[in-house]
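Take a look at the model first, then try each task before reading on.

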Amino acid sequence: MIEVNVKAKIPFLWGKASFEKNNWSNVNLIVGPNGSGKTLLSEQIAEQFNAAGYDINFLRAERCSDDDLQAMKVIREDQDVRQKIEDVLSNMFAKSIRFEEAPGGRLVAIVVNKARGVEYNLRQGECHGLKEILTLLVALYGNQSKKKNCLILDEPELHLHPQFQQFFMNEIRKASAAEPMRVFFLITHSPYFIDLSFPEDLIGVVACHVNRAPTSIDSFSDNDEQLFRRFLPRFNTYHKQFFFSDRQIFVEGYTDQQIFTRLLSCVDNKIGSAGTGVIDVGGKDELGVFFKVCSLLGTDGRIITDLDSLFCGKLREEICSDSRTQEFLDAQREKQDGFYTSLFTKKELSKKITLEKLIVRLERYLSALGEFLGAINFPVNPQIDILVEKIKILYSKYDNPENMDTYKTVVLMGSILERQSLSELLPLPLAASLGQIINLANLIFAASECARVYILRRGCIEHYYTQSEVHYMPVSSKDRIFHYEIEFMLDQNSARLKKSYEELLVILNKACS
């Protein structure tokens with residue numbers, strides 16, 4: 001860890017706010033959308049690192065002829081750098097590359113294509129990418145003798161194939177390991193440079209935002225470190241999109257991602273949806289990890305999740321500990337006092353009402369209701385019979401199913417969908433609890449939305465399909481019914497999509513607000 005106190009201000013972008021950071025990694029990433037001040041921030045970082053005794057080499061995105069001249073000067077004067085670059089480029093492109101003196105004393109790179117039996121000038125005959133990697137390698141290899149050196153690269157991905165981007169990032173990591181006093185800053189829009197192998201690598205990420213000061217992580221708890229250590233090996237290039245926009249929406253699986261992506265064009269708030277992407281993270285617990293990373297990094301991630309996320313997992317833990325949900329509940333305390341009195345004892349009311357406490361109370365009501373429904377052994381009506389059968393199946397398959405998130409989700413879905421029929425069926429105390437269940441659920445949903453977590457109240461994405469009838473959870477034949485649905489959606493214009501998926505668009509509009 002490198003300690004240099006940096007304090008940056010860009011009033012026309014951030015107003016009176018400033019960015020401050022003391023702890024830096026050897027390799028730091030400055031990320032964010034266009035227009036968020038990444039280059040301007042980097043200039044101030046360069047000034048303050050220079051004041052701390054670092055030699056600065058700032059390779060800007062607008063590469064110029066001076067960069068080429070400087071690169072060739074280094075190659076001419078440093079035989080070790082020259083040999084290393086020749087070897088690296090030759091291995092990368094399966095062509096021999098050497099540097100020769102041209103008429104007038106100018107140094108030129110000659111490419112030898114042995115397979116074709118030809119030689120040609122690199123600058124004249126090759127693409128931008130090969131020229132770009134040459135400049136970058138000189139910047140990387142040409143300053144190794146300086147103990148305190150800071151190399152800042154603005155958009156190193158320019159003209160580079162992803163293969164070359166990954167190669168160059170690996171070279172930076174090697175140089176960083178060999179020279180611990182050297183510091184790198186990469187201003188990038190490329191996920192291939194988001195190279196996060198260890199939790200401490202997150203310390204080096206600075207997230208820039210539109211119209212507000214950048215944010216970063218200075219430290220995290222031991223629990224967070226263990227969480228990220230398990231998570232980062234699964235963190236792929238697709239997931240890394242969220243580093244480049246504050247407007248990403250995270251969902252659990254690919255079906256959610258496809259459905260919501262198709263509906264994004266129908267969102268009323270075109271400004272809010274601009275730059276928004278939908279990223280599937282591959283699991284409910286992963287949603288909780290992304291929520292945590294966004295919270296620590298200060299990015300405004302949004303999550304759309306299934307109803308069962310309320311009842312288990314990392315996401316529930318993170319929502320319950322988020323300050324925004326508690327602020328909402330604190331503001332609601334006086335308004336909800338009468339309702340809380342019906343839920344909690346005086347002793348419980350003397351303490352803070354938290355989201356976790358509300359969910360636990362909801363679970364207690366659901367367990368009692370589910371136990372009664374699971375014992376029904378006579379037909380009621382088609383809708384209630386389906387609900388009862390689903391609960392009976394869970395009882396037949398599992399011991400103590402009332403502790404399962406699926407069980408609680410099924411009972412909550414039934415309470416919401418069949419409230420009127422259930423109120424006529426249930427004994428008086430349980431019938432009265434339906435109102436408590438509905439009110440609790442609505443309060444929990446509202447609190448979660450304050451943390452930018454939007455819950456699919458009907459269960460999961462399949463319960464919003466128009467081409468298949470789906471009852472409760474778990475859902476079978478997900479892949480088959482998804483393909484029916486997406487084919488239908490692809491044939492619809494915007495007006496028909498809005499009409500068919502009104503409830504999902506309500507959620508999307510909230511997420512894009």
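**Exercise 1.** Find the partner of R234 in a salt bridge, and decide how exposed each side chain is.

*Solution.* Keep in mind that this is a predicted model. Start from the charged atoms: the side chains of R234 and E286 form a salt bridge, with 2.8 Å from N to O. R234 sits in the loop between α8 (222-231) and β12 (249-251), while E286 belongs to helix α11, so the pair joins distant parts of the chain, 52 residues apart. Now turn to accessibility. E286 has a relative accessibility of 14% and is therefore buried, the cut-off being under 20%. R234, at 43%, is partly exposed. As background, side chains of opposite charge can pair when their charged atoms come close. A search of the whole structure gives 26 salt bridges, and the pair R234 and E286 is one of them.

**Exercise 2.** Describe how helices α11 and α12 pack, and which residues meet.

*Solution.* Begin with the geometry: α11 (residues 284-297) and α12 (residues 313-321) pack at about 35 degrees, and their axes are 5 Å apart. Then list the contacts. From α11 come K284, D285, L287, G288, V289, F291 and K292; from α12 come G313, K314, L315, E318 and I319. Finally, sort them by class: the contact holds 5 nonpolar, 2 polar and 5 charged residues.

**Exercise 3.** Are the two partners in the salt bridge of E363 and R316 buried or exposed?

*Solution.* First confirm the pair: the closest N and O atoms of E363 and R316 are 2.8 Å apart. E363 comes from helix α16 (residues 355-374) and R316 from helix α12, which puts them 47 residues apart and links distant parts of the chain. Then check each side: E363 is buried, with a relative accessible area of 10%, and R316 is buried at 11%.

Definitions and conventions
Residues are numbered from 1 along each chain as its sequence is written. This is a predicted model: local features need pLDDT of at least 70, side-chain atom pairs count only at pLDDT 80 or more; totals for chains, interfaces and linings use all residues. Side-chain values use heavy atoms; hydrogens and water are left out. Axes are lines fitted to C-alpha atoms, for helices over the stretch in contact, and angles run from 0 to 180 degrees between N-to-C directions. Helices (H or I, at least four residues) and strands (E, at least two) are DSSP runs, numbered from the N terminus. Contact means heavy atoms within 4.5 Å. Ala, Val, Leu, Ile, Met, Phe, Trp, Tyr, Cys and Pro count as nonpolar, Asp, Glu, Lys and Arg as charged, and the others, Gly among them, as polar. A salt bridge is a side-chain nitrogen of Lys or Arg within 4 Å of a carboxyl oxygen of Asp or Glu. Buried means under 20% relative accessible area, exposed over 50%, partly exposed in between (1.4 Å probe, protein chains only).
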